[in-house]
Amino acid sequence: MAPKKTKDIRDTQTAVETLRAALNSAGIVFPSLRADPASPALGLVELGRVGADVAVHLARALEKEHRE
C-alpha cells in the first residue's frame with residue numbers, strides 16, 4: 001500500500017501567492033484569495049467572492065490570453 005500523500009501548506013501558499021501575483025499583473029484583485037484553512041491536507045485554494053466587475057475583468061483577461 002502506498003503511503004498517504006499529504007499536501008504541504010507551503011505548496012498551497014505558493015500557489016496562492018503565484019495566483020495573486022498573476023491576477024495583480026492583470027489588474028485583478030480577489031480580496032478573499034487564500035489557502036483554505038479548513039482543509040490543509042487537501043491543498044485547496046479559496047478564491048472567495050468577487051464583484052461582477054471583477055468577474056468580467058477576469059473573463060476578458062482570460063479570453064485575451066487564450067486568443068494570443
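Among contacts (heavy atoms within 4.5 Å) between residues at least 6 apart in sequence, 44% join residues at least 24 apart. The structure is a predicted model, in which local features need pLDDT of at least 70 and side-chain atom pairs count only at pLDDT 80 or more, while totals for chains, interfaces and linings use all residues. Residues are numbered from 1 along each chain as its sequence is written, and side-chain values use heavy atoms, with hydrogens and water left out.

The protein contains two helices and two strands, taken as DSSP runs numbered from the N terminus (helices H or I, at least four residues; strands E, at least two). Along the sequence these elements follow the pattern α-β-β-α. Of the 68 residues, 15% are buried, where buried means under 20% relative accessible area, exposed over 50% and partly exposed in between (1.4 Å probe, protein chains only).

The largest nonpolar core has seven residues: Val 16, Leu 23, Ile 28, Phe 30, Leu 33, Ala 35 and Val 54. Such a core is a set of buried Ala, Val, Leu, Ile, Met, Phe, Trp, Tyr and Cys residues joined through side-chain atoms within 4.5 Å. Val 16 belongs to helix α1 and is buried, with a relative accessible area of 1%. Beyond its neighbours within four places in sequence, Val 16 contacts Leu 33, Arg 34, Ala 35 and Val 45. The C-alpha atoms of Val 16 and Val 45 are 6.7 Å apart, although the two are 29 residues apart in sequence. Phe 30, with neighbours within four places likewise set aside, is in contact with Leu 23, Leu 47, Val 50, Val 54 and Leu 58.

Thr 12 also lies in helix α1 and counts as buried at 4% relative accessibility. Outside the four places on either side in sequence, Thr 12 touches Ala 35, Gly 43, Leu 44 and Val 45. Val 29, by contrast, sits in the loop between α1 and β1 and is exposed, at 51% relative accessibility. With neighbours within four places left out, the contacts of Val 29 are Asn 24, Val 50 and Val 54. Val 29 and Val 54 are 25 residues apart along the chain, and 7.4 Å separates their C-alpha atoms.

Side chains of opposite charge can pair when their charged atoms come close. One salt bridge is counted, the criterion being a side-chain nitrogen of Lys or Arg within 4 Å of a carboxyl oxygen of Asp or Glu. It joins the side chains of Glu 46 and Arg 34 (3.4 Å, N to O). Because Glu 46 is in strand β2 (residues 45–46) and Arg 34 in strand β1 (residues 34–35), the pair ties together parts that are 12 residues apart in sequence. Glu 46 is partly exposed, at 27% relative accessible area, and Arg 34 is partly exposed at 40%.

The largest pocket has a volume of about 190 Å³. On a 1 Å grid over the protein atoms alone, a pocket is an open set of points where a 1.4 Å probe fits, with protein on both sides within 12 Å along at least five of seven lines, and lining residues have an atom within 4 Å of a point. Grid points are joined across faces, edges and corners, and the volume is the space filled by probe spheres set on them. The lining comprises 11 residues, of which Ala 22, Ala 26, Leu 58, Ala 61 and Leu 62 lie nearest the centre. Helices α1 (9–25) and α2 (52–67) each supply at least two lining residues, and α2 gives the most, with five.
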